[in-house]
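Colleague: I've got the structure open and would like to talk it through with you. Can we start with the strands and then look at where the chains meet?

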Amino acid sequence: MCFEMLGGRMLAPFFGSSVYVWGSIITVFMLALSIGYLSGGRLSLFNPSVTRFGCIFIVSALTLLPTIFFSEPIFEWVFERIEDPRYGSLVAATFVFLIPSIVMGMIAPYSIRILTVSADSSGQTAGFLYFVSTLGSAIGTIMTSFYLVLWMEVNQIIWFTFAILFGAGCIALILGQLDNRVQSEISRNFEKDNSKNSKLASQV
Amino acid sequence: MKRYLSVVISLISLYGLSNFVEARQIHKERSIYRNVVITEENNIRCMRFETRRRNITNQACIDLKDKDRLVFEYAHGVLAGYAINPNPHRILILGLGGGVLSNVMHQLSPQAEIVSVDIDPVVVKLARKYFDYQENEKVRTEIKDGRVYVKRALLKNEKFDWIILDAFNGDYIPEHLMTKEFLLEVKGLLSPNGILSANTFSNSKLYDYESVTYQQVFGKLYTFQAPTKGNRVIFGCNCEDFKKFPNASESLVSQLERYKVDPTEVWRAISDKVDWNTSSDVLTDQYSPANLLKRVD
């Protein structure tokens, strides 16, 4: 939501702040989230792990970089080619905001997969995740529109978002590695125990 | 008991009556942005955006008894620009309102081409219907965001001798029309020695930020401080030096008489005093929290 609020500010110098521009931004973000949810859910079917989860965070952070460095020339390029501010803002928003928002959308279903322990508790897990993500959206909206734009420049706020996503990704990677070690330790012990048991069994 | 009841009833009816006398709503129309309302009170017809707030800002007003009289003080200030350039060939007005300024300028310089830009089609429609907004081969209207119009005009290498920024009357300030980048674009549209008159705010923390931004783009500024209202008109020039704000010529004084503009009063309120904090931040496309700054005193 923080990114979405900033989207309006970034597009305004080129396409104005008319109702169409906001319509374009919301459309692109909603479309991106729907694609993100779908592909995040699909991705969670193949060897889900905390490490991969962390990778999604890091990729989403990296997709913000073109927004910081190239959004203006992209907007300029679209502005020169499409005169109608409705389609101009729609195309420009698609170029700049679609991919980062798709990747961010993948986080939610993947989190559900990681957190779900059993089918019985899956509803509770999903409910908790919706709670966290929607609360996060509310905080992102209010912080951006009430305070962050007063404290920082638009690009600085995007860097700030980048840092949070990248940091969260790194934490997940570290946790994933630790988890892997613990798992391999357990399985090694398990194998040792198994071999001991089989030796004992053969002695008996 | 009866006495109390009668007091209550008379208070209620007085309240109702006062509301009625305050401003009679004669028309209301919904636009994609807001409800636009036309009111009449003591023969003054105004256009305003519907709000539940107490401090209502009118977008435009005319005196029905004397339609030539310029009701808004800031408009008196804007016309002082004729002293700098008595013969503008192309005029751009960003923010139409009732079209009052456009009408007056068309009368004062009938040879000039006037382009007015407003984002809201309903505002334009009601300006035509209730404020006698005149359009002809010299005067035309564009329904667009001001920034988009300016950017497109730059691509077409258009030039204007006088640009009037009048898009800041509502409760919500269009923040992309307050930044250094926007003002540089506006300056790029000005012909050599072209002038800018911007109707802006004179209170809140925004004052310092806004003034510094204009100063950085235009250098020397002159300001007209409306005597009783919170408006301030900033004059900037696309010229080498803007050393002096010329006095009103005799012909200008006589022309302005029709609109009940008192040149002595207007020129008394014009100064080049820098009364803002010059170390304030400049508003840019990256940093323009104008609406938040407006709330801070």
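**Strands and chain contact**

Modeller: Ile195(B) stands opposite Cys237(B), which belongs to β11(B). Keep in mind that this is a predicted model.

Colleague: How many bridges join β9(B) to β11(B)?

Modeller: Strand β9 of chain B covers residues 190-201. It runs antiparallel to β11(B), and the bridges joining them number 7.

Colleague: And which residue in β11(B) is the bridge partner of Thr223(B)?

Modeller: Strand β10 of chain B, residues 222-225, pairs with β11(B) in the antiparallel sense, over 4 bridges. The two strands form a hairpin, with 5 residues between them. In β11(B), the partner of Thr223(B) is Ile234(B).

Colleague: Why is β11(B) largely enclosed by the rest of the structure?

Modeller: Side chains in a regular strand alternate between the two faces of the sheet. Here Asn231(B), Val233(B), Phe235(B) and Cys237(B) are buried on one side, and Arg232(B), Ile234(B) and Gly236(B) are buried on the other. Strand β11 of chain B spans residues 231-237, and it is largely enclosed because the buried residues are 7 of the 7.

Colleague: Now the contact between the chains: which helix gives the most to the side of chain B that touches chain A?

Modeller: Chain B puts 16 residues into the contact, and chain A puts in 16 residues. On the chain B side, the top contributor gives 4 residues, and that is helix α6 (residues 146-155).

Colleague: How many residues on that side of chain B are nonpolar?

Modeller: The side of chain B that touches chain A also has 2 polar and 5 charged residues. The nonpolar ones number 9.

Methods: Residues are numbered from 1 along each chain as its sequence is written. Chains are lettered from A and ligands numbered from 1 in the order in which they are written. This is a predicted model: local features need pLDDT of at least 70, side-chain atom pairs count only at pLDDT 80 or more; totals for chains, interfaces and linings use all residues. Two residues are in contact if their C-beta atoms, placed from the backbone, lie within 7 Å. Ala, Val, Leu, Ile, Met, Phe, Trp, Tyr, Cys and Pro count as nonpolar, Asp, Glu, Lys and Arg as charged, and the others, Gly among them, as polar. A residue is buried if 20 or more other C-beta atoms lie within 10 Å of its own, exposed if 12 or fewer, and partly exposed in between; C-beta atoms are placed from the backbone. Two strands pair if DSSP finds at least two bridges between them.
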